[in-house]
Amino acid sequence: MQIQLSDHFTMGRLLRFTLPTIAMMVFTSVYIVVDGFFVSNFTGKTSFAAVNLVMPFLLLLSTVGFMFGTGGSALVAKTLGEGDREKANRLFSLCVLTAVAVGILFALLGNVLIRPFVVFLGADGGLLENAVLYGRIVLASLPFFVSQLLFTVFFVTAEKPKLGLAVTILAGMTNIVLDAVLVLSLPQEYKLMGAAAATAVSEILGGTVPLVYFARKNSSLLRLGRTSFDGEALRRACINGSSEFMSNVSVNIVGMLYNIQLLKYAGENGVAAYGVMLYVSMIFSGICMGYSIGVAPVISFHDGAKNYCELKGLLRKSLFLICCSGLTMMTAAQVFARTLAYVFVAYDDVLMELTVSGFRVYAVSFLFMDFAVFGSGFFTALNDGLTSALISFMRTMWYFKSLAFSFCRLSSA
C-alpha cells in the first residue's frame with residue numbers, strides 16, 4: 001500500500017517513506033564520486049587535482065536546483081495540505097520552469113567565467129587546462145543537473161520517492177558504466193574528457209526523465225502544465241529555499257578558498273587530499289540530507305492541514321533518528337578513514353597519509369552536522385525561511401571551523 005503525505009507516521013512508516021530518498025541522495029553522491037575514483041586512479045594526480053579545483057564552482061552554480069526544490073516543495077506541499085491541488089500544480093510548474101531557465105543562464109555565465117575563476121584559484125599550466133576542459137564539458141549539462149536536483153525533492157512531494165530513486169539509479173549507473181568504458185578505453189590524453197562526458201550524459205538523463213514523466217498524465221499528485229508568473233510565490237519559494245541555497249553556496253566558497261591556500265602551501269597533494277575528504281563527506285552527508293528531504297513534504301502537508309499533533313510526533317521521531325545517525329557516521333568515519341582514502345589515493349603513500357590525517361579531524365563534524373541539516377530543513381518545510389537561514393549560517397560556521405582544523409593538519413604535514 002502506497003504511503004501518503006496525509007497518513008499518520010509511525011517510526012516504521014516514517015523510515016519506509018524516507019528510505020528511498022535517503023538512498024537517492026547517497027547514490028547521487030556516489031555517482032558524483034565515481035568521477036573522482038576513475039580520474040584519480042587512471043588519469044593521474046594532476047587531473048584529479050584539476051577536477052577537485054573546479055568542482056566547487058560547478059556545484060555552486062547547480063545549487064539553484066536545491067533552492068527551488070526545497071523552497072518550492074514546502075510551498076506546494078502546504079498548498080496540497082490546504083486542499084488546493086490545482087494551485088499546487090501551478091506553483092509546481094512555475095518552480096520547474098524558473099529553475100531550468102536560471103540553470104541555462106548559469107551555464108552560459110559559467111562558460112565565460114570558468115577560466116578566470118580557475119586562474120584566480122592559482123592554477124596554471126596543465127592543472128589550469130585540465131580544470132577548464134573538465135568544467136566546460138560538465139557545464140553543458142548544468143540545466144539538466146539543476147532539473148535533477150529540483151525533482152529529487154519534488155518526487156517526494158508527489159508521493160513517488162521510489163520513482164525518484166529509480167531515476168537516480170538510472171542516471172548513476174549510466175555515469176558509472178560510461179566512466180568505466182570511456183576512461184579505460186580512451187587514450188591517456190582523452191581520459192579526463194571521457195570522465196567529464198560521462199558525467200554530462202548522466203546529468204542530461206537524470207534531468208530529462210522527470211521532465212517527461214511530470215509533463216505527461218501520471219499517477220502522482222503533481223503534473224507540469226500551464227502556469228503564470230507569480231512574483232510573490234517565487235519570492236516565498238526563494239526565501240524558503242534560501243537556507244539550503246546559502247548553505248551550499250557558503251560551503252563551496254569555503255572550498256574554493258581552501259583550494260587557493262592548499263595549492264599555495266601543500267601543492268597538488270593538498271588539493272587532492274582535500275578533494276577526497278569532500279567526496280567521502282558527500283556520501284555521509286547524503287544520508288541526513290536524504291532524510292531531511294524525504295520528511296519535509298510530510299511536515300509541510302501537515303502544517304497546511306493544521307495537524308499539529310502529527311507535527312510534534314514527526315519532530316520527536318526525527319530527532320531520535322538524527323542522533324543515532326550522527327553517532328554512527330562519526331564512528332564509521334574514524335574506523336574506515338584509511339580504507340576510504342585507499343580507494344582514491346592508494347598509489348601515493350604521502351598523499352594517503354595526508355588524506356587520512358585530515359579526514360579523521362573532519363569526521364568529528366558528522367556528530368553535529370545531522371542536527372543542523374535537519375533543523376534547517378524542518379523550518380524550511382514550515383515555510384519559515386528566516387529561521388532556517390539562521391540555522392544554516394550557524395552550520396556553516398561549524399563547517400568552517402572543522403575544515404580549519406583539517407586544513408591545519410594538511411598544511412603542516
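Tutor: Helices here are DSSP runs of H or I, at least four residues long, numbered from the N terminus. Leu109 lies in one of them, helix 4. Keep in mind that this is a predicted model.

Student: Okay, so why is Leu109 called partly exposed?

Tutor: Buried means under 20% relative accessible area and exposed means over 50%, with partly exposed in between. Leu109 has 41% relative accessibility, so it counts as partly exposed.

Student: What makes Leu109 part of a nonpolar patch on the surface?

Tutor: Patch residues need over 30% relative accessible area and no salt bridge, and nonpolar side chains are joined within 5 Å. At 41%, Leu109 is past that area cut-off. Leu105, Leu109, Val112 and Leu113 form the patch, with about 370 Å² of accessible area together.

Student: How do you know that Leu354 is buried or exposed?

Tutor: Go back to the 20% limit: Leu354 has 9% relative accessibility, so it counts as buried. Leu354 is found in helix 13, residues 349-362.

Student: What makes the phi of Glu159 worth a look?

Tutor: Most residues other than glycine have a negative phi. Glu159 is not a glycine, yet its phi is positive, about 65 degrees. Glu159 is found in the loop between helix 6 (142-157) and helix 7 (161-185).

Student: And which other residue has a positive phi although it is not a glycine?

Tutor: Lys306, with a phi of about 60 degrees. Lys306 has its place in the loop between helix 10 (267-304) and helix 11 (308-335).

Student: Now the rings. How many aromatic pairs are there?

Tutor: The count comes to 14 aromatic pairs. One of them is Phe92 with Phe214.

Student: Why is the pair of Phe92 and Phe214 called edge-to-face?

Tutor: Ring centres have to lie within 6.5 Å to pair, and planes over 60 degrees apart count as edge-to-face. Phe92 and Phe214 are 5.3 Å centre to centre with 65 degrees between the planes, so the pair is edge-to-face.

Student: What makes it a link between distant parts of the chain?

Tutor: Phe92 is in helix 4 (residues 85-121) and Phe214 in helix 8 (residues 191-215), 122 residues apart. Both Phe92 and Phe214 are buried. Ring pairs also link Phe92 and Phe214 into a cluster with Phe151, Phe154, Phe155 and Tyr213.

Technical notes:
Residues numbered from 1 in each chain as written. Predicted model: local features only at pLDDT ≥ 70, side-chain atom pairs only at ≥ 80, totals over all residues. Heavy atoms only, no water. Helix = DSSP H or I, 4+ residues; strand = E, 2+ residues; numbered from the N terminus. Phe/Tyr/Trp six-rings, centres within 6.5 Å; stacked < 30°, edge-to-face > 60°. Buried < 20%, exposed > 50% of the residue type's maximum accessible area, 1.4 Å probe, protein only. Patch = residues over 30% accessible without salt bridge, like charges linked within 9 Å, V, L, I, M, F, W, Y side chains within 5 Å. Areas by Shrake-Rupley, 256 points an atom, 1.4 Å probe, with all protein chains shown as cover. Salt bridge = Lys/Arg side-chain N within 4 Å of Asp/Glu carboxyl O.
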